[in-house]
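Open the model in your viewer and keep the sequence panel beside it. The stops below say what to select next and what is there.

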Amino acid sequence: MTPAARVQAAIELLDAIIPAARGKGAPADRIIADYFRARRYAGSKDRRAVRDLVYAAIRLCGPVPESGRAAMLAVATQDDSIAAQFDGSPHGPAPRAEGEAAAMTGLAPKWLAAALRASGLGGREIAALLERAPLDIRVNALKADRAEIDLPEPGEPLAAPQGLRFPSGTQVEQWEAFRDGLIEVQDLGSQLIVEALPVAAGDTIVDLCAGGGGKTLALAARLGNAASIVAADTDKRRLGNLAPRAERAGAAIDHIVLLDPGREMQALGPFAGKADHVLVDAPCSGSGTWRRSPEGRWRLDPAELARLNALQDHVLDLAAQLVRPGGSVSFVTCSLLDAEGPDRIAAFLSRHPDWRAEALPLPLGSQRGAGWRLDPFHDATDGFFVAGLRSP
Ligand SMILES: C[S@@+](CC[C@H](N)C(=O)[O-])C[C@H]1O[C@@H](n2cnc3c(N)ncnc32)[C@H](O)[C@@H]1O
């Protein structure tokens, strides 16, 4: 592909990514993968270059751009080598018309930037949400140990006991250690949160929003398979990944439970009042993971945030039904918006006045409301909120 054709391909991709983000459709990564699956002629260098252009445009444009071309013109405004590709050459973008507008740049849509600032984040913290993230792995203590594992590249040891950090884009999925279940890709923040959960061998633990099992597997590894773990989720596709992943990792998961949204207790009834601990890794805006999916800023609007807040309250109330007297709940979101963190805990405590918030022992981060916050700028992790709750 010529440099101009790469720019045109990035424009076409952005024209698919923008409406998908607005309509809560497929993530940018999947759209890019599908695009190149249908264009086998593009080599790996072309793919990487186009992908970099797409993500440069997404990171640059805070407000949702009107079109892929407007977004790429915003990149061109800052980079003469991209501006030079708008030359009308075959397969390249048409020359910029007189007065043709570039998309607005910024960290996030106005309302969202205001909500982040109201959540105690300054310009540096918000900008760090959009930087490229490194690649963190967790060595699976069920099969290996960080001190002894032999990997193709040496990683930087992290604050989590089995964490190692590699440069962004390291293809760990192709390593034998990954195929054999000796390592898992997992951000340092997630690893630290699992390490801090108030759980012990012999406990019955419900991972209520288990998804594909990132934290479930980390829990099983932390407790050496000596706990009874119930992994539940409403998403059949995500939950379907858990059994094969657990097998690969040698992790013992006692029950995998698919939930019917709104009727979760039908399937969870047998565990009501029995769990020593319930982990609520709640569905959220993902504002703490924009380093990996920066188009997440374009997905969110106030109505979607309100919908997520109601869902977060709902899953927390389910957790309260599952836990035994004196047991505990941890609430986690990968978001730095107060509405998805301290405000949810305050709302829970006003609905359940007999419960109390309790501190979790995290080695990094800072207090936020009745919980704790990890953020990319200060802690070099994805952004998280986590709070501990104790049942009467
Ligand atoms: C942040 S993700 C979980 C990520 C997962 N714990 C991990 O570490 O890989 C949130 C999950 O909540 C699930 N969810 C949404 N509504 C739910 C509900 N009513 N009950 C249980 N899980 C729900 C979503 O399907 C999604 O998988």
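A residue counts as buried if 20 or more other C-beta atoms lie within 10 Å of its own, as exposed if 12 or fewer do, and as partly exposed in between, with C-beta atoms placed from the backbone. This is a predicted model, in which local features need pLDDT of at least 70 and side-chain atom pairs count only at pLDDT 80 or more, while totals for chains, interfaces and linings use all residues. Residues are numbered from 1 along each chain as its sequence is written.

**Two loop residues**

Select Asn 225, in the loop between H10 and E6. Helices (H or I, at least four residues) and strands (E, at least two) are DSSP runs, numbered from the N terminus. Asn 225 has 13 C-beta neighbours inside 10 Å, so it counts as partly exposed. Its phi is near 60°, a positive value in a residue other than glycine.

Now go to Ala 380, in the loop between helix H17 (376–379) and strand E13 (384–390). Here phi is near 55°, again positive in a residue other than glycine. Ala 380 counts as partly exposed because it has 19 C-beta neighbours inside 10 Å.

**Around the ligand**

Select the ligand and the 20 residues around it; Cys 209, Gly 211, Gly 214, Asp 235 and Asp 281 come nearest. A residue is near a molecule or strand here if its C-beta atom, placed from the backbone, lies within 6 Å of it. Helix H10 (214–222), strand E6 (228–233) and H15 each supply at least two residues of this shell. Colour the shell by class: nine residues are nonpolar, five polar and six charged. In this scheme Ala, Val, Leu, Ile, Met, Phe, Trp, Tyr, Cys and Pro are nonpolar, Asp, Glu, Lys and Arg are charged, and the others, Gly among them, are polar.

**Strand E8 and its partners**

Next select strand E8 (residues 275–281). Six of its seven residues are buried, so E8 is largely enclosed by the rest of the structure. Strands pair if DSSP finds at least two bridges between them. Strand E5 (residues 204–207) runs parallel to E8, joined by three bridges, and Asp 207 has Leu 279 in E8 as its bridge partner. Strand E9 (residues 323–333) is also parallel to E8, with six bridges; there Val 280 is partnered by Phe 331 in E9.

**The largest nonpolar core**

Stay on Phe 331. Which residues is Phe 331 in contact with, leaving aside its neighbours within four places in sequence? They are Val 280, Ala 282, Leu 316, Arg 344, Ile 345, Ala 387 and Leu 389, where contact means C-beta atoms, placed from the backbone, within 7 Å.

A nonpolar core is a set of buried Ala, Val, Leu, Ile, Met, Phe, Trp, Tyr and Cys residues joined through C-beta atoms within 7 Å. The largest one has 80 residues, and Phe 331 is one of those that touch the most other members, with Val 206, Leu 208, Val 278, Val 280, Ala 319 and Leu 322. Helix H15 (residues 302–322) gives the most to this core, seven residues. Domain 2 (135–185) and domain 3 (194–390) both contribute, so the core lies between them; the domain bounds come from an automatic or database domain assignment.

Apart from this core lies another, of 28 residues, including Leu 60, Leu 73, Ala 74 and Ala 76.

**Helix H4**

Finish at helix H4 (residues 68–78), where eight of eleven residues are buried. Among them are Leu 73, Ala 74 and Ala 76. Their cover includes helix H1 (3–22), helix H3 (44–60) and helix H5 (80–83).

Methods
Contact = placed C-beta atoms within 7 Å.
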